Amino acid sequence: MAVTVGASRLGLGALRRLPAEARPLVRPGAVAAGVVHLGLGAFHRAHQAVYTEAAIGAAGGDWGIIAVAPRSTTLVEALTAQDNLFSVSALSAAGSATRVVGAFSGVRHAASDPDAVVALLADPAVRVVTLTVTEKAYQLDPVTGQLCLDAALAADLAGGRPPTTVPGLLLRGLAARAAADAGPVALVSCDNLPANGRRLRGMLDQAVVRADRVPAGLVDWVAGNVTCPGSMVDRIVPASTPETIEMARRALGVTDLAAVAAEPYAQWVIEDDFPAGRPGWEHAGAVLTDDAGPWERLKLRTLNGVHSAVAYLGALAGHETVADALEIPHLADVLRRLIAEDIAASFTPPDGVRVVDYGEQVLARFGNPAIRYRTLQVATDGSQKLPQRVLHTIVDLRAAGRSARWAALVVAAWLRFTLGYADDGRPLPLQDPLAGPIRAALDAGTQSPAGAVDAVFALREIVPVEVAQDDEVRAEVTGWLTALERHGVEATLAGAR
């Protein structure tokens, strides 16, 4: 990120010069750490860190966050130089509001010092561990939920060297915690996974059972001392750009190289299962519940599923951002039919929530012109995202004897995107952990839409068997893919019935 850094940098020494409304609610260092977060990305900084700072400010407690970057050192270096301070700018058509957040008690880099992260996970002062590591870092088959062993994870399970994977870090940290008798802990997935708490639990239990070098009794200790509450997180947070840094500089009068921008809206629903306590997140507006499942399905299918639909169709039609893509003629009408006819019929929403109304709110949020969320960013890792965002909707619709016509369009748009070129012939990148198998399947298939559908539907690590063997769904996807190939996005949407 090429940014010109002025002489004045965000840090403790600069706080007194900030506008009063931009100052943090918590001064870094004033609150001891009680939370470790794995994944130092923009979303965590604009979501859980904001909620946690507000909770500390309202209800107190030693709940400072030590945030861990899995790979890149860029943010670790930036935050260290800034005394762990960063800013969040809320963007809307009416303007922006920027505030500095002081929730971080420290930052660490897992790749260069995994033993330090293991020690943090074993620290009795740490009672909550949260994660935003993206779907692929759990190394779970998105269809079966089984661990996918690559060389790095196999080495972590074998032991004998510092861990390099998320399952390996958690395994080693919990083993050290058990050995130190450090007390119970809650692990909270904040990633867009179906039943993310149960998925995290399944990943952890599989890792513990399959590991070669773990203390005797670790399986029982984990069962009795580790909880994995499910959660649903929601806020649109684009990747930071030089413009994000410049906007923060104008608002604050100092340079913040860890600045993030986001929409004003935010939501967090959390299952209240914390054996050693938690921050008072409800004082910050979070919803504490016994079951996050209905909220999770609402968000995954209505927000994330529609987000993917806009991203794939928008990228194919040559639009850079989600807001721009919504201007494609007839797209908003098609998305409303997707929401009303397919998504709303596929599950039971939380009490008091109408899926169609929620969907209208989603479309309004996507149309926020101040949020430049790139279609290609949303389109990454489709093999990991599509099952929970779209394919599970199809499974549930078909089980109820209903058509899945509009959801099939989203699958077709993803397939068309994987072919690697837009409607005008420009190349499209396939950034996906299963890019190799997807390309091999497409190369092996006949040069026709039906052949492409057959080839990719055979990839059981992506497509559930209920979908792959459903002739009606296969025909719908093939029909949409044929139209997209022959006529492009705009003509296909214009003729959609």
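Are Phe86 and Phe104 buried or exposed? In this predicted model, both Phe86 and Phe104 are buried. Phe86 sits in strand β3 (residues 86-92) and Phe104 in strand β5 (residues 104-109), so their pairing ties together parts that are 18 residues apart in sequence. Their ring centres lie 5.1 Å apart, with the planes at 45 degrees, so this pair is tilted. The model's aromatic pairs come to six.

Now turn to the tryptophans. The ring centres of Trp268 and Trp281 are 4.7 Å apart and the planes stand at 50 degrees, so this pair is tilted. Trp268 belongs to strand β11 (residues 267-271), while Trp281 lies in the loop between β11 and β12 (287-289), so the pair ties together parts that are 13 residues apart in sequence. Trp268 has 0% relative accessibility, so it counts as buried. Trp281 has 1% and therefore counts as buried. Ring pairs join Trp268 and Trp281 with Tyr51 and Phe274 in a cluster.

Two arginines deserve a look. Arg127 lies over the face of Trp63, 4.0 Å from the ring centre. Arg405 places its charged end over the ring of Trp406, at 5.7 Å from the centre.

Next, helix α8. This helix spans residues 218-225, and Leu218, Trp221 and Val222 are buried in it. Viewed down the axis of α8, the buried residues fall within an arc of 95 degrees, so they line one face of the helix. What do the buried residues of α8 pack against? Their partners are α6 (166-179), α7 (196-210) and β8 (226-227). On the other side of α8, Asp220, Ala223 and Gly224 are exposed.

Definitions and conventions. Residues numbered from 1 in each chain as written. Predicted model: local features only at pLDDT ≥ 70, side-chain atom pairs only at ≥ 80, totals over all residues. Heavy atoms only, no water. Buried < 20%, exposed > 50% of the residue type's maximum accessible area, 1.4 Å probe, protein only. Helix = DSSP H or I, 4+ residues; strand = E, 2+ residues; numbered from the N terminus. Arc of directions from axis to C-beta. Contact = heavy atoms within 4.5 Å. Phe/Tyr/Trp six-rings, centres within 6.5 Å; stacked < 30°, edge-to-face > 60°. Lys NZ or Arg CZ within 6 Å of the ring centre and 35° of its normal.
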